[in-house]
Structures are given as structure tokens and as C-alpha cells.
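Colleague: I would like to learn how to read this model. Can we take it feature by feature?

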Amino acid sequence: MSPADERHYPGEIEITHDLTLPKLLLKNAKKFKEQRVAMREKEFGVWIPYTWREYLENVKFLSLGMVSLGLERGNKVVMIGDNRPEGLWAEMAAMCAGGIGVWLFQDCLMDEVQYIVDHSDSKFYFAEGQEEVDKALAIKDKCSKLTRIIWDDPKGMRNYDDPILISFKEVQELGRKLDREKPDLFEDLVNQGKADDICLLFYTSGTTALPKGALLTHYNMLTMGQNLMRVDPCYETDDFVSYLPFAWIGEQMMSISCGLQVGFTINFPEEPETSQENVREIGPHVMFAPPRLYEQMTRTVQVKYLDAAWLKRKAYELAMKIGYHIADFKFEKKPIPWYWNLLEYLAYLWCHKKLRDHLGLSRVRNAYTGGAAMGPDHFRFFHAIGVNLKQIYGQTEIAGISVVHRNDDIKFDTVGKPIPETEVRITEQGEIISKSPSVFQGYYKMDEETAKTLKDGWLHSGDTGFIDGDGHLVVFDRTKDIMILSDDSKSSPQFLEARLKFSPFLKDAWVIGDHKPYVTAVICIDYNTVGKWAEDRGIAYTSYPELSQISEVYELVQKPIMQVNKTLPGPAKIRKFVNLYKELDADDDELTRTRKIRRSFVEERYKDIINALYSNSDIMHMDTSITYEDGRVVKIRTDLRVSEVPV
Amino acid sequence: MGYLPCGIYHEYYKQDHAWWQTRFVYVKMVLLVLVLILFPYLVSPMWLSVAYTISYYILACMGVQLLIGYCGQITLGHAAFVAVGAYTSAMMVLFIPWPKLIVDWGLAYPISMIAAGIAAGMWSVLFGLPSARVKGFYLIMTTMAAQWITVPFIITQYVSRIGGRGHYFSLPPGTVKLGPWVIDSDVKVYYLSAALVVLLTLVMANLLRSKVGRAWIAIRDNDIAAETLGVNIVWYKLVAFFVAGFFAGIAGSFYVTALYFVSPEHYEWFFSLMWVGVILIGGVGSLHGTIFGSMFVVLVFKFLEMTIIPMTDMFPWFAMKLIYIKESAFGLAVVLFLLYEPNGLSYRYWQLKNYFNLWPFSY
């Protein structure tokens with residue numbers, strides 16, 4: 001597979017080996033000054049704007065402040081917190097001084113924080129508020145390299161007097177002082193940067209082992225953003241909402257790689273809880289989110305649809321029918337007859353327009369999904385309402401993405417074609433490998449792993465896939481996750497799970513069947529929707545474990561499974577399932593922070609359930625313990641019902 | 001603000017409080033103004049008097065709405081302040097020896113209208129003073145006192161006798177002059193009324209989104225909490241009484257042009273009660289409610305008239321009882337609204353808007 005032929009877009013910059021992200025920031029600040037808004041943050045009910053000049057000044061003083069506290073080139077700065085302008089400033093400030101940014105997921109547990117801070121040799125720890133400071137204080141003695149903890153949000157910080165702590169404002173004050181003494185220092189520091197310097201140390205979520213730190217250079221980040229925008233240009237008038245963790249490469253790709261090159265406005269939500277509402281207010285032009293967010297949207301729509309009045313339900317059904325029809329025309333690349341176009345326009349007027357408005361997708365030009373598999377039903381849904389949803393495929397190790405759908409060439413079972421300057425091939429073993437200027441430099445302090453992943457400049461993904469007749473890449477699954485069914489055929493559990501999750505009642509599904517006589521599934525119901533469903537029917541329950549075991553709920557869960565079974569060949573059909581007594585959770589190590597199932601771990605943890613699924617018993621006694629975030633351990637004793645799916 | 005479409009957001013509070021945030025609202029408002037302008041050409045002249053009666057009700061009820069709906073001060077004597085406005089305006093036009101210049105420029109009536117507003121406002125403040133001390137039922141009694149003292153006593157017994165004209169003052173044709181325009185036809189009265197309604201609605205809406213308006217709403221919601229938070233509740237209550245009285249004065253002054261005379265029977269206690277009923281029907285605490293309530297009441301009266309008058313040929317008895325039928329219909333309407341839609345017509349309007357805003361869902 002060779003790189004596509006998309007070439008330059010208007011306003012494209014030239015990426016030399018001298019260009020760095022901080023230099024771009026400087027350039028944008030000079031170009032836009034106060035005229036353009038670089039970022040907004042919703043606070044006290046309004047979107048408080050920061051111009052490019054303010055952006056630069058905040059970064060500058062923070063950067064100089066860290067320099068006066070002893071930051072040197074190549075030092076790591078670890079950052080943890082929600083999406084806020086201060087987080088991005090800290091990252092840019094570290095880069096400006098030649099430092100390397102390391103992001104932690106906001107909900108990381110103490111052990112993970114300690115591992116990453118220690119492993120990355122971070123010198124500074126940038127914490128959002130009290131919660132993050134507490135984590136840092138707990139681990140500081142075990143991380144010898146850590147010298148200062150910088151905090152930003154003063155809420156609850158009054159009685160903290162550890163000398164290692166210093167506030168964001170104080171650091172900026174130090175920076176101002178240094179700037180008065182040496183006015184040219186900041187620009188000198190920025191100019192010392194080279195494109196091949198490491199700018200980010202990115203810890204991958206890792207479905208199997210300990211997180212690995214991928215080293216990415218300015219050049220990696222910039223070329224990745226540029227090549228993506230050669231496919232789908234962004235404009236400086238665009239709005240983008242940054243609400244997914246910065247520790248996820250997709251967010252970096254949009255906010256840093258694309259954002260700095262084009263200079264669009266980044267918007268930060270008020271609180272993580274309000275992010276959906278805030279996205280709706282802004283109505284971003286580009287979106288990149290993992291499938292679970294789109295799944296959540298379809299779930300919301302389906303539930304609201306079920307609760308709507310008769311007339312509204314009928315209007316929705318009719319519009320969706322037309323929408324699906326149009327989407328199928330597009331997928332099959334058939335010309336759309338004029339009367340279907342007319343019908344679609346009408347459907348847009350009476351339903352899809354409002355629907356997109358509710359979802360915050362009114363203005364979206366390109367919506368991307370990546371990071372995990374997405375069910376075809378979800379995909380069709382978004383195209384039916386006229387949202388240009390595209391699959392993206394990539395890894396942290398390639399600075400984000402390498403393969404994407406083109407506007408007029410979308411197939412919901414593929415992930416598209418490689419972006420420019422990127423080559424994707426399939427090895428003889430069926431593994432997807434890729435090569436581009438954005439391929440990373442190696443794993444930090446893990447040469448062995450690096451050698452396994454990076455061979456002759458080719459990035460080995462660990463994913464199995466193939467290239468279809470149209471030149472699209474099809475990602476089957478993680479190589480190690482592929483199931484060998486009873487008839488020796490191969491099947492992808494991820495694909496089955498994604499299909500199951502189209503039901504609004506199913507939050508997570510875990511499909512088992514590798515080298516097993518038949519396929520089974522462990523289901524996590526969605527507490528909100530199933531709970532409401534039960535309430536509407538007068539079914540009493542007190543908790544998630546109880547609700548999940550009610551026989552009506554089993555019947556409810558069985559329906560989507562049978563629906564999916566209809567489309568599957570015999571051996572791949574799901575024969576038995578069990579409703580889990582809890583939701584899978586990243587805090588229990590069952591999911592990665594990007595919500596992928598860690599199969600080997602859950603297989604070990606729930607081996608009793610697997611045994612029950614492959615035995616003749618239909619009741620399984622469970623005696624287990626749950627660890628809460630604060631360390632409490634709770635015993636759970638419950639009976640799980642194993643249900644057979646009628647074929 | 002209420003529901004905003006996706007992609008409309010604000011960087012400053014000023015934008016957040018703006019009235020016309022979307023093109024949809026803009027188009028709606030322009031259309032509304034167009035309809036108001038073209039109204040006389042669209043309907044038969046009979047409806048013009050209905051329209052300006054509605055306007056009169058809106059102007060009068062605006063003050064009631066402010067006191068009851070926004071400041072929580074129940075008033076049952078609002079007709080008194082309208083009467084003060086009407087008499088002030090009429091007497092100023094009639095009795096003041098205006099310099100020729102002012103008469104030629106048609107300023108006498110506008111000046112008298114503003115004076116009417118101020119006089120009625122002051123009179124209202126006088127009867128609002130007890131609100132510093134008393135609340136609820138007792139305040140209702142003091143506002144009723146305003147009615148009894150003002151209309152049957154002061155106006156009927158003394159003011160009406162000034163100039164020895166008997167019971168009422170009539171305004172000779174041509175005396176009501178607004179700049180170069182002599183207000184002498186229903187169309188002109190209608191335009192005057194429409195202009196006043198638009199202007200005063202804007203004023204009221206602006207007041208309500210200002211510091212003053214927030215103070216009023218705070219007093220309504222919980223006066224003790226408001227005072228604790230530093231709202232000078234006595235001051236703001238009196239401001240509310242003044243503004244409500246001012247609006248009443250303007251309403252009274254306007255209605256003089258429609259009737260060409262003033263007489264105490266137009267300001268009886270029944271009107272004070274009815275205007276409270278109007279805002280109950282329209283919706284307490286909503287400017288839309290004032291307008292919807294006024295339209296509802298006036299139109300219902302009109303329809304009753306239109307159905308009953310033709311029947312008087314057959315049943316002459318009806319003609320005698322028309323006034324009672326009207327009043328009982330009004331009473332029935334208030335009872336039914338309190339029972340079945342205590343939030344009033346404005347709530348229905350809000351629900352209607354929501355129905356489409358939430359389309360195709362229900363929440």
C-alpha cells in the first residue's frame with residue numbers, strides 16, 4: 001500500500017528539520033497577536049477567551065519560571081489534570097525550554113503514577129489541584145528525580161506547606177523576574193530547539209504489560225498533523241473542543257499537531273461532567289474521539305427515542321429510514337437519485353438537523369473515531385444523520401494516525417487508506433506494519449521492546465489485518481486476541497463486542513471463544529438505561545448486581561445477542577452469556593485507561609465465570625472482593641445466572 | 001436565556017445577556033414589528049379598538065406583573081394609579097395655560113404623559129411604604145386602601161369637581177396632540193398604543209435583566225436571603241412600586257386618548273382585581289404572560305359580546321345581563337386557569353417552544 005496522492009492544502013507550512021512546536025507557537029503569536037483567540041475555557045457560564053498573545057505570555061513565563069527552578073534541556077515534566085488551558089501551557093512551557101512532556105491520565109491510581117514518574121525520570125510534576133498534589137506527595141519519596149511539584153488550582157491547598165510544592169502563579173512570577181534580567185533568554189531557548197529533539201514521552205495504555213514510554217520528536221508530531229490535514233484540511237476559523245485526556249495521543253494530535261499548524265481555537269469544557277453539554281454549545285468543526293463516545297451518543301439517542309411521544313417517534317423513524325437509505329447509497333458508491341436527495345433534504349429539515357443539534361454535531365465537518373473497533377451499526381447511524389464520521393487507524397508509536405477514510409470513499413468495515421508519506425504493508429504473518437516520517441524514536445529505557453516493534457524503520461503494530469480490493473486497510477483485531485473457533489476459522493472478539501454494544505442497554509461486552517467449543521459472552525449492562533427500563537416496568541432492584549441478575553433483564557440482553565447472531569456464521573454465534581455483577585473498570589485493571597478490555601487480565605480474574613460458561617451448570621456462585629479507589633475492600637457474594645441463547 | 005442552538009456561545013456576559021442571539025429571533029422580531037405596523041390594513045376597524053384595549057391592559061398589567069410576578073408584592077389597587085395617571089394627564093392638558101410654542105409643537109400631551117407617570121409613581125410609592133413593614137395579606141389590605149382612598153374618595157369627591165364640569169373631564173377634539181399628529185382616529189390611537197407597548201416592554205425587559213431586576217427577583221424568591229446578601233429590600237421594593245406606578249400612569253394617560261374623557265367609573269376596584277386575574281391567566285413572573293393574559297381576557301370579552309349581542313333580539317334579557325356575563329366568564333376563566341394551568345398561558349407557550357426545541361425527543 002503506497003501513500004495516497006493528496007498534496008498541499010492552502011496555508012500549509014513547510015516542515016524543516018529546524019522547526020519545532022514552540023517555534024510554531026511563537027510564529028502564531030506574532031501572526032495573530034490579539035486578533036485571534038487561541039483558546040477558550042468555560043468558566044462562570046461564559047467562554048473566557050485567551051488570545052494568542054496571552055497564550056504565548058503564559059507559556060513564556062511558566063517556561064522561564066521552570067528554567068529558574070532548574071529545568072534543563074531533556075528534562076521530563078510530568079503533567080496530570082483535566083483538560084484546561086493551564087495543562088497545555090505547562091506542556092508547551094516544558095517544550096519551549098527544551099524539556100519533554102509526559103502526560104498522565106487524570107484518574108491514574110497511585111501505583112501507575114509512581115511507575116510513570118519514576119520510570120520517566122521526571123523532574124517536575126505539574127498537578128492541577130489538590131487531588132493530584134496528594135498523589136504526588138504520596139509518591140515523592142519513591143521517585144528520587146522529582147524536584148518540584150507545581151500546582152494550579154488553589155482549592156483546598158491552603159494548609160499544604162511542603163517545601164517541594166510551588167504554585168503556578170509563583171512559577172510564573174519567577175519567570176517574569178528572569179525575563180526582566182535576561183529579556184532574550186526565552187527566544188534563545190526556543191531557537192535552540194531542533195525538529196529531531198524529543199518533545200513528548202508518551203506512555204501507551206498497554207493491554208498486556210506495564211506501560212511503555214514512546215519517544216516522539218517535534219518532527220514526528222508535525223509531519224503527522226500535516227499529513228492528516230493534507231487529507232482533511234483544518235482552518236484557522238475552526239473550533240475544536242479538547243475534552244478527552246491529554247494523555248491520549250488523539251487529543252495531542254488535534255490540540256498540538258494540527259492546532260498549532262493551523263491556529264484554530266481550542267475550547268476547554270467547564271468540568272469533565274459538563275463536557276457533552278459544552279461540546280454542544282461550541283459545535284466543533286473537527287472531532288476525534290474513541291468509539292465509546294460515539295457509542296454513548298447513539299445510546300442517548302436510542303433511549304430518548306424510546307421515551308419520546310408517538311408523533312416524534314414516527315417522525316424520527318421515517319427520517320432514519322431515509323437516512324439509512326442514503327447512507328447505504330454512499331457506502332455502495334452509487335449515485336443518489338434526485339428524489340432520494342429531495343427526501344433526504346426533507347428528513348434533514350424535520351429531524352436530522354435537530355438531532356445533530358442535540359448531539360453538538362451541527363457544524364462538524366470531519367468526525368473521526370479511532371483507538372478501538374467501532375461497530376458498523378454505529379457507523380451507519382452517524383452517516384444516516386449526515387455526520388461525516390470516519391475511521392482512523394494509528395498508534396501512539398506513529399504519533400497518532402496513519403490510515404484514514406477519504407470523504408468520498410468510506411466503508412464501515414475498513415479503516416481507510418494511508419495518509420500521505422505513509423506506507424502500510426501486511427507481513428506474511430498478517431501483521432500490519434507501517435512506515436512514515438512520524439514513526440517514533442523508540443521506547444524509553446526499553447531497548448528490547450523497541451527492537452521488537454521497530455525493524456528497519458517499519459513499525460510493527462501487533463494488529464492483524466489485510467488490505468481489501470479497494471486498497472482499504474481492514475483491521476481484524478490485535479493479533480493475540482484473535483479467536484480460533486471450533487471449526488478452526490478465525491474470528492475477532494472486538495468486532496462481535498462492537499456489534500453487541502449497539503444496543504443501548506449494553507455498556508460493555510466481553511466475548512470469549514478462543515479454542516473453545518462455542519462462543520460465549522460476558523455482558524455489562526448499562527446501569528442508567530437498564531435501570532430506567534426496569535423502573536418503567538415496575539421491576540424493583542437495589543443495586544447493580546441485583547439488577548443484572550433479574551430474569552427480565554436477561555431477556556432484554558438476549559434480544560441484541562440474537563440480533564447479532566443472525567448475521568454470524570454458525571460457529572461464531574454466541575451460545576451462552578452471563579451478566580456480570582459489576583461494570584468493567586479501569587481502576588480494577590480490567591480496562592485500559594482508553595477503555596479497552598485487558599483480556600489476559602480479565603480471563604485470569606474471571607476464570608470461574610469462564611468455567612461456568614463452558615460447563616452445564618446454569619447458576620454460578622461468586623465469592624469475590626472489590627477494591628475501591630480509596631483502598632477499601634468489599635466482599636461480594638452473589639449468584640450469577642448463565643443463560644443460553646436460543647439458536 | 002433559554003435554549004440556544006449548537007454553535008452559539010458567548011465569550012462575555014454582555015453577549016450572554018443579549019436579546020437577539022440568533023437569526024431566528026431576529027427574523028421573528030422583525031416580523032412582529034411588521035405585523036404591528038401593517039395590522040390596521042389587515043383587519044376591519046372594529047379590531048383596532050380591540051387592539052388598543054389590549055395594549056392598555058398590557059401597559060396597566062405590566063406594573064401588576066412587576067409587583068406580583070417579579071417582586072412578590074401583591075397589589076389589589078392598581079386601578080388607582082392608572083386613575084392618577086389619567087387624571088394628571090387630562091388635567092394638565094386641559095387646565096395648564098401652555099405657551100403657544102408648546103401647543104404648536106404638540107408637546108403638551110407628551111409632557112403630561114411623563115408627568116402622569118411620575119405622579120402615579122409617587123402616589124404608588126406612598127402606598128408602597130407599608131411594604132417596608134408588612135407582607136402578604138396585610139400588604140394586600142394596604143394596596144386595597146390605595147384603591148378606596150384614591151378613586152371613590154379623592155377623585156370622585158374632590159378632583160372630579162375641579163373646574164365645575166360635573167362628573168367627568170372631556171377632552172375637546174384636537175387637544176391630544178403628539179408632535180405634529182393629532183390623535184383623532186382609531187388608527188392613530190392604535191399606533192400610539194403599539195409604540196408605547198413596544199417601548200415599555202423593552203424598558204421593562206431591560207430593567208429585569210439589570211441589577212434592579214435581579215434584586216426584585218431575589219426579594220420575590222426569598223426576602224430574608226436577599227437582605228442577608230446585601231440587597232436593600234426596602235429601597236428596591238419602593239423602586240418596584242414607583243416603576244409599577246409609572247407604568248400605570250402611562251397606561252392611564254394613554255387611555256385618555258382612546259376615550260376622549262376621564263371618569264371615575266373606569267377605575268373601579270373591579271379593574272384592579274381583573275388585572276391581577278390577567279397575569280394569573282397569562283402567567284405570573286413572565287413578560288410574555290402579561291401580553292398573553294391581556295390578549296386572552298380582552299378577546300374573550302370581545303367574543304362574548306359578539307355572540308351575545310346578536311342574541312339580544314331573541315332574548316332581550318341578555319342585553320341587560322351582558323356585563324354580569326362578562327364578569328362571571330372572567331371569574332370562571334381565572335378559576336379554571338388556577339385549577340388546570342396554574343402557570344398560565346406563558347407556560348403553555350414555553351412548552352410549545354420546548355416541544356419543537358427538543359424535537360424529535362421529549363427531553
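Colleague: Which residues does I401(A) touch, not counting residues up to four places away in sequence?

Modeller: Some ground rules come before that. This is a predicted model: local features need pLDDT of at least 70, side-chain atom pairs count only at pLDDT 80 or more, and totals for chains, interfaces and linings use all residues. Residues are numbered from 1 along each chain as its sequence is written, while chains are lettered from A and ligands numbered from 1 in the order in which they are written. Two residues are in contact if their C-beta atoms, placed from the backbone, lie within 7 Å. On that rule I401(A) touches M224(A), L228(A), M253(A), G370(A), I392(A), Y393(A), G394(A) and I419(A).

Colleague: Where is the place of I401(A)?

Modeller: I401(A) is in the loop between β14 (389-393) and β15 (403-404) of chain A. Helices (H or I, at least four residues) and strands (E, at least two) are DSSP runs, numbered from the N terminus.

Colleague: Is I401(A) buried or exposed?

Modeller: Count neighbours. A residue is buried if 20 or more other C-beta atoms lie within 10 Å of its own, exposed if 12 or fewer, and partly exposed in between; C-beta atoms are placed from the backbone. I401(A) has 31 other C-beta atoms within 10 Å, so it is buried. Of the 647 residues of chain A, 50% count as buried.

Colleague: How do I describe two packed helices?

Modeller: Use the angle between their axes and the distance between the axes. Axes are lines fitted to C-alpha atoms, for helices over the stretch in contact, and angles run from 0 to 180 degrees between N-to-C directions. Take α8 (residues 218-231) and α9 (residues 249-262) of chain A: their axes come within 9 Å and cross at roughly 75°. Angles under 35 degrees count as roughly parallel, over 145 as roughly antiparallel, 65 to 115 as roughly perpendicular and the rest as oblique. Therefore α8(A) and α9(A) are roughly perpendicular to each other.

Colleague: Which residues make the contact of α8(A) and α9(A)?

Modeller: From α8(A) they include M224(A) and L228(A), and from α9(A) they include M253(A). I401(A) touches those three residues too. By class, the contact of α8(A) with α9(A) has nine nonpolar, four polar and no charged residues. Here Ala, Val, Leu, Ile, Met, Phe, Trp, Tyr, Cys and Pro count as nonpolar, Asp, Glu, Lys and Arg as charged, and the others, Gly among them, as polar.

Colleague: Which residues of α14(A) are buried?

Modeller: H378(A), F379(A), F381(A), F382(A), H383(A) and A384(A) are. They pack against α11, α12, β13 (366-369) and β14 of chain A. Just after α14(A), G386(A) takes a positive phi of about 85°.

Colleague: Which residues other than glycine have a positive phi?

Modeller: E421(A) is one of them, with phi near 65°. E421(A) is in the loop between β16 (417-418) and β17 (423-426) of chain A. It counts as partly exposed because it has 18 C-beta neighbours inside 10 Å. D456(A) also has a positive phi, about 55°. D456(A) has 6 C-beta neighbours inside 10 Å, so it counts as exposed.

Colleague: What does the domain assignment of chain A give?

Modeller: Domain bounds come from an automatic or database domain assignment. Chain A gets domain 1 (21-193), domain 2 (289-362 + 365-477) and domain 3 (482-644). The C-alpha centres of domain 2 and domain 3 of chain A lie 25 Å apart. In their contact, 17 residues of domain 2 of chain A meet 15 residues of domain 3 of chain A. On the domain 2 side, α11(A) gives the most, with six residues.

Colleague: How many residues does each chain bring to the contact of chain A and chain B?

Modeller: Chain A brings 25 residues and chain B brings 14 residues. On the chain A side, β2 (46-51), α10 (275-282), α11 (291-307), α12 (310-331) and α13 (338-359) each supply at least two residues. That side has 12 nonpolar, four polar and nine charged residues.
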